[in-house]
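Please look over the sequence and the model first, then read the notes by topic.

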Amino acid sequence: MSNVLLKVDNLKKHFPKKTGSLKRNISYVKAVDDVSFEVYEGETLGIVGESGCGKSTTGRMIMRLLEPTDGTIQFNGVELSTLSKTELRKTRRDIQMVFQDPYASLNPRHTVRKILEEPLIVHGIGTAKERKERIEEYLEIVGLSAYHAGRYPHQFSGGQRQRIGIARALMTNPKLIIADEPVSALDVSIQAQVLNLMQRLQEDLKLTYIFIAHDLGVVRHISDRVGVMYLGRLVEIANSELLYKEPLHPYTQALLSAVPIPDPTFEREQLIISGDIATSTPEAGCTFHLRCPYATEICKMEVPNLVTVKPGHSVACHLMNETTTMT
Ligand code: SF4
């Protein structure tokens, strides 16, 4: 087993919300609630769930773009909250982000050269000549050309813009890249090209990825392990093959029911869930109990813990607790 690069423990982000007719009462939206996982060096951990499940908030807390309400984030064995501003800035070189909408995340008034040079200047990397060489080298690495450096974001297609976003993330030689829905805004035909590029870069540059997506189909081929989130909680995490073959959480089963199966000999039981994702966590019990076809009384009262049901496969569901207690 590789080294643990990132360790997230009991991470929480609760946003205050004013309620009541006079807006004097404060309640909390639990965007991320007690989430724990590890990311191993060189792997891709996919994090999947519907919009509002807390996956992007988790990514932003790891980047320290958002301050956690509680919990710890260790990167390379160092707890990020204990770092001074200078130390945190140095660590930021090692953790970079690729955003969903490459157009919105690239300054339209800056040339590609300026966009790619910015992280190098911020982190004091290289002389002007070295920075120029590095920018041209990385444009080639992501499948563009050195002459693209003088152009502006609007002169590129969506796929090319995402290649620029990836090049920008690579400028500081990071160890971990958090890719937040990096292909969701792209045409299906372009998605595969960008995913292939990311896989090639991972091998060549020994990168570790957290790949955030709303669609299990997208993360399937790129992820070594996949975690599924629902309303701020991690409800299942397993290596990819196990998760796709034997999803155990009812929500994962429902998500997978929506993914087409390329192998006609493989049959999967269909689980269709009703209702839309709720916007706030239920007062008590399992976050999924309002939509779950298997919900029982205990599901309305107690939050199920994430328990390991077999090596490399953990699930948060009272049904699993019953099964593991019985065996
Ligand atoms: Fe469904 Fe209960 Fe399991 Fe939640 S704990 S997923 S409500 S069976």
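At what angle do H4 and H6 pack, and how far apart are their axes? The angle is about 30°, and the axes of H4 and H6 are 8 Å apart. The model is a predicted one.

**Helices H4 and H6**

- Angles under 35 degrees count as roughly parallel, so H4 is roughly parallel to H6.
- H4 and H6 cross in a right-handed sense.
- On the H4 side the meeting residues are Val 112, Ile 115, Leu 116 and Pro 119, and on the H6 side they are Ile 164, Ala 167 and Arg 168.
- By class, this contact of H4 with H6 holds six nonpolar residues, no polar ones and one charged residue.

**Helices H4 and H5**

- Helix H4 covers residues 112–122 and helix H5 covers residues 128–141; the two pack at about 120°, and their axes are 10 Å apart.
- This angle makes H4 oblique to H5.
- The crossing of H4 and H5 is right-handed.
- H4 contributes Val 112, Arg 113, Leu 116, Glu 117, Leu 120 and Ile 121 to the contact, while H5 contributes Arg 131, Lys 132, Arg 134, Ile 135, Glu 136 and Leu 139.
- The contact of H4 with H5 has six nonpolar and six charged residues, and no polar ones.

**Helices H6 and H7**

- Helix H6 (residues 158–170) and helix H7 (residues 188–205) have axes that come within 10 Å and cross at roughly 20°.
- At that angle H6 is roughly parallel to H7.
- H6 and H7 make a right-handed crossing.
- From H6 the contact takes Gly 159, Gln 162, Arg 163, Ile 166 and Leu 170; from H7 it takes Ile 190, Gln 193, Val 194, Leu 197, Met 198, Leu 201 and Leu 205.
- Sorted by class, the residues where H6 meets H7 are eight nonpolar, three polar and one charged.

**The sheet of four strands**

- Four strands make an open sheet in the order S2-S1-S4-S5, and their pairing is antiparallel.
- Strand S2 (25–40) and strand S5 (78–79) are at the edges with a single partner strand each, so one side of each has no neighbour in the sheet.
- Strand S1 (residues 4–19) and strand S4 (residues 70–75) run antiparallel and are joined by five bridges.
- Lys 12 has Asp 70 in S4 as its bridge partner.
- Helix H1 (residues 55–62) packs on this sheet and touches S1, S2 and S4; the direction of H1 makes about 115° with that of S1.

**The sheet of eight strands**

- A second open sheet has eight strands in the order S6-S7-S8-S3-S9-S10-S12-S11, with mixed pairing.
- Its edges are strand S6 (95–98) and S11, each with a single partner strand, so one side of each is left without a neighbour in the sheet.
- From one strand to the next, the twist averages 20°.
- S6 and strand S7 (residues 176–180) run parallel, joined by four bridges.
- Val 98 has Ala 179 in S7 as its bridge partner.
- H7 packs on this sheet as well, touching strand S3 (44–48), S7 and strand S8 (208–213); the direction of H7 makes about 160° with that of S8.
- Strand S11 (residues 307–310) and strand S12 (residues 313–315) run antiparallel, and three bridges join them.
- One of the bridge partners here is Val 315 in S12, paired with Val 307.
- S11 and S12 form a hairpin that has two residues between the strands, and Gly 312 in the turn has a positive phi of about 80°.

**Aromatic pairs**

- The count of aromatic pairs comes to three.
- One of them is formed by Tyr 230 and Phe 288, with 4.9 Å centre to centre and 80° between the planes, which is an edge-to-face arrangement.
- Tyr 230 lies in strand S9 (residues 225–230), and Phe 288 lies in the loop between helix H10 (250–257) and helix H11 (297–301), so this pair ties together parts that are 58 residues apart in sequence.

Technical notes. Residues numbered from 1 in each chain as written. Predicted model: local features only at pLDDT ≥ 70, side-chain atom pairs only at ≥ 80, totals over all residues. Heavy atoms only, no water. Axes fitted to C-alpha atoms, helices over the stretch in contact; angles between N-to-C directions. Parallel < 35°, antiparallel > 145°, perpendicular 65-115°, else oblique. Left-handed = near helix turned anticlockwise from the far one by under 90°. Contact = heavy atoms within 4.5 Å. Nonpolar A, V, L, I, M, F, W, Y, C, P; charged D, E, K, R; others polar. Pairing = 2+ DSSP bridges. Phe/Tyr/Trp six-rings, centres within 6.5 Å; stacked < 30°, edge-to-face > 60°.
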